[in-house]
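Dear colleague,

Please find the sequence and structure below, handed over for your reference. A short account of the findings comes after them.

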There are 2 protein chains.
Amino acid sequence: MQKINRVAIVGGTHGNEFTGAFLVKKFEYFPDLIKKFNFEILTILGNPKAFKAGRRYIDKDLNRRFLSENLQNTTLASYEDMRAKEIAEILGDNNQAAVDVIVDLHSTTANMGLSIILGNQHPFLLKLSAYLSAINPLVKVCHTIPEEGSNFLRSLSELGFVIEVGPVAQGVLNADLFQKTEQLIYTILDYLERYNHGDIPEINNPLTLYKFMSFVDYPRNENGEIQAMIHPDIQYQDYEPLNPGDPLFLTLDGRAIAYEGTSTVYPIFINEAAYYEKGIAMLFTAKQLLSISPA
Amino acid sequence: MQKINRVAIVGGTHGNEFTGAFLVKKFEYFPDLIKKFNFEILTILGNPKAFKAGRRYIDKDLNRRFLSENLQNTTLASYEDMRAKEIAEILGDNNQAAVDVIVDLHSTTANMGLSIILGNQHPFLLKLSAYLSAINPLVKVCHTIPEEGSNFLRSLSELGFVIEVGPVAQGVLNADLFQKTEQLIYTILDYLERYNHGDIPEINNPLTLYKFMSFVDYPRNENGEIQAMIHPDIQYQDYEPLNPGDPLFLTLDGRAIAYEGTSTVYPIFINEAAYYEKGIAMLFTAKQLLSISPA
């Protein structure tokens with residue numbers, strides 16, 4: 001693989017996810033913080049209009065507008081479709097100066113700690129993830145929705161990934177998570193710098209990877225109205241094992257609904273606010289151990 | 001004072017505050033739960049359109065549209081202005097069947113526990129509040145913004161008040177807070193029933209009342225952009241004493257900003273998501289002890 005020449009840090013792809021948006025603001029106020037590396041760093045406020053409005057998006061979810069066909073479709077003209085095209089123009093492959101790495105900063109109301117969300121299992125990303133999770137136990141690594149034909153911003157680069165931090169409410173800036181995310185970014189940038197020097201740290205631990213299995217929706221009535229809540233026993237228990245028979249939901253009238261699967265799963269994104277409208281109460285993942293080949 | 005004949009329970013006055021909205025839904029799905037009392041109970045989903053959209057409001061904050069002049073102003077025609085008029089028609093004094101008590105259910109991203117928010121110090125409300133906080137240590141009582149010329153929904157009734165629960169993210173249903181709020185509502189309804197029987201419980205403890213003093217905004221630059229966050233030391237420390245010299249904010253570049261007042265205050269609504277747009281980082285209150293005269 002070639003050297004890393006350009007890295008993009010994107011925040012506020014969802015306008016009400018303030019951690020990333022304000023980190024981008026910080027890097028714009030204090031540019032020296034990201035000038036000391038042996039590669040160029042671009043910072044991008046993903047959805048400025050939604051950030052100003054304190055909303056996830058104005059017309060459509062920006063982080064679902066990066067499907068290659070859509071970017072080329074001139075009839076798509078919503079605010080987010082136009083913004084996706086602008087961002088793809090800046091970051092994407094069509095550009096001579098395309099970035100080599102994209103770090104897209106998100107936050108969630110689920111207890112995701114500091115999660116690295118991968119859309120593919122490129123060896124470079126797996127090694128980086130193994131390193132980050134080995135040195136910081138708060139870091140977890142997921143391989144979520146398959147990248148083939150992806151509509152996510154991160155998919156503009158083969159080495160694109162998401163940092164997803166939580167739990168934090170939408171529209172709220174939490175200083176503790178802000179600082180932890182900032183430190184994680186510096187660790188990543190240091191790693192990229194060492195990679196360019198041919199000096200990446202060796203990791204002997206296997207990587208724990210949480211791999212997407214399926215979506216789970218809330219129990220709903222015939223009108224689509226939610227009839228049950230995340231069970232208190234699993235609220236904030238992202239990445240913990242859920243065994244057959246464990247409580248999953250609690251109906252509005254107080255009856256527990258058990259998980260009826262036949263194998264242990266590891267739920268993530270439990271009770272993410274933005275997923276109610278998408279019909280997602282949580283994602284089930286399988287926990288895998290991957291040995292990472294030496295650098 | 002006369003008997004209580006009609007009580008209104010309002011939820012979802014802000015569409016993304018799901019605790020109250022889903023409690024109202026629950027009472028509509030299971031009407032028997034609130035049929036056993038010696039008074040009539042109305043349930044109202046405050047802002048159905050905003051609830052469906054998962055937003056605080058569509059055009060304007062509904063809970064700021066109840067100023068008496070505005071309700072009579074036929075030129076005000078936004079969705080929330082029209083909805084405020086509808087609700088005032090159902091609950092307000094102009095109606096023969098006006099309600100005697102309004103319980104307006106809200107939630108907050110601040111660590112407000114189970115807060116009773118009063119707009120006036122009517123002896124009936126003080127006694128009820130003293131009772132609720134005496135039997136449940138999670139219950140705190142605030143007298144916030146003066147009621148004179150109030151624009152809040154609760155002000156439609158002299159015996160109107162808010163239950164404000166948190167911390168919970170906007171657009172999220174938290175089962176634990178849902179159940180605690182539901183129990184608190186039943187305790188209130190039982191109290192009203194006993195009041196009608198001339199049998200309200202005697203409370204010997206003084207009432208601890210947190211009384212509004214002032215609003216505090218985030219430090220901002222000349223463009224109005226936020227330059228500092230709630231300091232981690234006071235995040236989720238609602239109702240705890242803040243002494244002169246204690247850290248209040250943390251700038252984006254990591255410097256603490258101290259509270260420079262001369263007396264101890266008790267901040268509430270610390271880091272409430274919906275207050276960023278209103279220029280409010282927290283409210284300062286004074287802690288008062290009120291002896292409540294026997295029933």
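The paragraphs that follow describe a pair of helices and then several salt bridges.

Please note that this is a predicted model.

Helix packing. Two packed helices are described by the angle between their axes and the distance between the axes. In chain A, helix α1 (residues 18–29) packs with helix α6 (residues 175–196) at an angle of about 60 degrees, and their axes are 10 Å apart. The helices α1(A) and α6(A) are therefore oblique to each other, and their crossing is right-handed. On the side of α1(A), the residues in contact are T19(A), F22(A), L23(A), K26(A) and F27(A); from α6(A) they meet L177(A), F178(A), T181(A), E182(A), I185(A) and Y186(A). Sorted by class, this contact comprises seven nonpolar, two polar and two charged residues.

Salt bridges. Side chains of opposite charge can pair when their charged atoms come close. Over all chains, the structure holds 26 salt bridges. One of them links R56(A) and D61(A), whose closest N and O atoms are 3.0 Å apart. R56(A) counts as buried because its relative accessibility is 8%, and D61(A) is likewise buried, at 6%.

A further salt bridge joins D217(A) to R220(A), at 2.9 Å from N to O. Here D217(A) is partly exposed, with a relative accessible area of 33%, and R220(A) is partly exposed at 31%.

In chain B, D199(B) and R194(B) form a salt bridge of 3.4 Å, N to O. Salt bridges with shared partners also join E17(A), R56(A), D61(A) and K278(A) into one network.

With kind regards

Technical notes. Residues are numbered from 1 along each chain as its sequence is written. Chains are lettered from A and ligands numbered from 1 in the order in which they are written. This is a predicted model: local features need pLDDT of at least 70, side-chain atom pairs count only at pLDDT 80 or more; totals for chains, interfaces and linings use all residues. Side-chain values use heavy atoms; hydrogens and water are left out. Axes are lines fitted to C-alpha atoms, for helices over the stretch in contact, and angles run from 0 to 180 degrees between N-to-C directions. Helices (H or I, at least four residues) and strands (E, at least two) are DSSP runs, numbered from the N terminus. Angles under 35 degrees count as roughly parallel, over 145 as roughly antiparallel, 65 to 115 as roughly perpendicular and the rest as oblique. A crossing is left-handed if the near helix is turned anticlockwise from the far one by less than a right angle, and right-handed if clockwise. Contact means heavy atoms within 4.5 Å. Ala, Val, Leu, Ile, Met, Phe, Trp, Tyr, Cys and Pro count as nonpolar, Asp, Glu, Lys and Arg as charged, and the others, Gly among them, as polar. A salt bridge is a side-chain nitrogen of Lys or Arg within 4 Å of a carboxyl oxygen of Asp or Glu. Buried means under 20% relative accessible area, exposed over 50%, partly exposed in between (1.4 Å probe, protein chains only).
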